[in-house]
Amino acid sequence: VSEELRRAQEEWEAVEEIQSGLGGTSAGAAPPISFNEALQYFQTADLSECRKKVRATVRRRGLAALVRFLFGPPRLQPQLQGERELALAMAQCGLDDNERVHMRILQTIYKKLTRSGLGCPRYGAHWEELGFQGADPGTDLRGTGMLGLMQMLYFVMDSRTLPLAQEIFKLSQHETQAPAITLILLQNFPFCIMSVNITRIVIQALREECLSRECNRRQQVIAVLNDLYAAAFLQLYRVWKWQHKTLADSGFLLKELELSTRKKPKQLLKSLEAYVNRSPAADGFQQPSPPSASGGGEEINFTGVCDLQIELEGEARLI
């Protein structure tokens with residue numbers, strides 16, 4: 001019996017190695033990587049080239065600078081500057097096939113969303129099923145870099161947010177029928193592209209110093225970014241599901257979400273806290289402002305939202 005078990009185990013590991021598509025050590029057999037382990041890797045990795053591309057804040061001139069000085073949010077405290085620079089450096093770090101940690105992050109996201117114990121090839125149509133635009137996830141990370149994958153990793157590896165991530169992923173793949181309407185409304189959307197765009201929005205809020213007050217209060221930056229990311233995804237999920245939104249609404253909703261993260265980040269974070277604590281407030285959500293009569297023709301086509309033009313300066317433009 002022991003010999004049969006040994007042979008079966010060897011055959012299974014061989015299958016995992018073939019499916020992993022990474023060569024060498026079987027990615028399917030490798031344990032999932034935790035967010036903290038991945039973060040420790042980036043804290044010690046050489047990101048000097050990425051840091052050169054970082055522009056930490058958005059410069060304001062003239063009246064905008066005066067308004068910011070008089071009424072704007074507080075500056076980020078000096079002891080938190082390094083953590084902010086790390087987050088922005090990760091956003092400039094591309095997906096590298098030769099970095100084992102990068103590949104483990106990608107594999108962990110795949111396994112958690114699909115609830116599979118097997119690894120998957122580095123390239124292939126299975127990434128489109130997860131909501132990337134093509135066979136290579138790396139091409140969709142422009143402007144968010146590894147921070148885009150790190151926030152997905154946080155979403156699926158935190159026990160508080162994993163159920164939410166799986167519910168959103170489920171909604172992204174299915175169609176529903178709206179009550180009292182005979183038309184079938186396709187509510188599916190590309191999950192990972194939506195996630196990348198939310199990361200873009202969070203990065204913008206960080207660069208505009210909209211999160212400084214909360215970061216100073218908690219004495220954390222990356223944890224605040226992750227919670228805001230999850231809170232924004234929760235907001236989008238609730239509106240998308242209960243108001244029967246479709247891809248045609250995506251551009252408008254992302255613009256509304258961008259405004260909320262900049263103007264009301266504390267409110268979004270409280271909504272997430274209520275959700276994870278399962279308080280009665282978890283069933284409520286922020287209603288987006290109704291679109292104007294002329295707004296219908298101005299919605300952004302979703303396939304272009306990944307390249308959302310955000311007015312930043314220099315090399316830090318998120319395009």
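Guide: Glu209 sits in the loop between helix 10 (191–207) and helix 11 (212–218); helices here are DSSP runs of H or I with at least four residues, numbered from the N terminus. This is a predicted model, in which local features need pLDDT of at least 70 and side-chain atom pairs count only at pLDDT 80 or more, while totals for chains, interfaces and linings use all residues. Residues are numbered from 1 along each chain as its sequence is written, and side-chain values use heavy atoms, leaving out hydrogens and water.

Visitor: Why does Glu209 count as buried?

Guide: Glu209 has 4% relative accessibility, so it counts as buried. Buried means under 20% relative accessible area, exposed over 50%, and partly exposed in between (1.4 Å probe, protein chains only).

Visitor: What makes the phi of Glu209 worth a remark?

Guide: Phi of Glu209 is near 65°, a positive value in a residue other than glycine. Most residues other than glycine have a negative phi.

Visitor: Why is Asp97 called partly exposed?

Guide: Asp97 has a relative accessible area of 35%, so it is partly exposed. Asp97 is in the loop between helix 5 (81–91) and helix 6 (100–114).

Visitor: What makes the pairing of the Asp97 and Arg122 side chains a polar contact?

Guide: A polar contact is a pair of N or O atoms within 3.5 Å; within protein, one must be able to donate a hydrogen and the other to accept it, and residues adjacent in sequence count only if both atoms are side-chain atoms. The side chains of Asp97 and Arg122 make such a contact at 2.7 Å. The Asp97 side chain also makes a polar contact with that of Tyr123, at 2.5 Å.

Key: Helix = DSSP H or I, 4+ residues; strand = E, 2+ residues; numbered from the N terminus.
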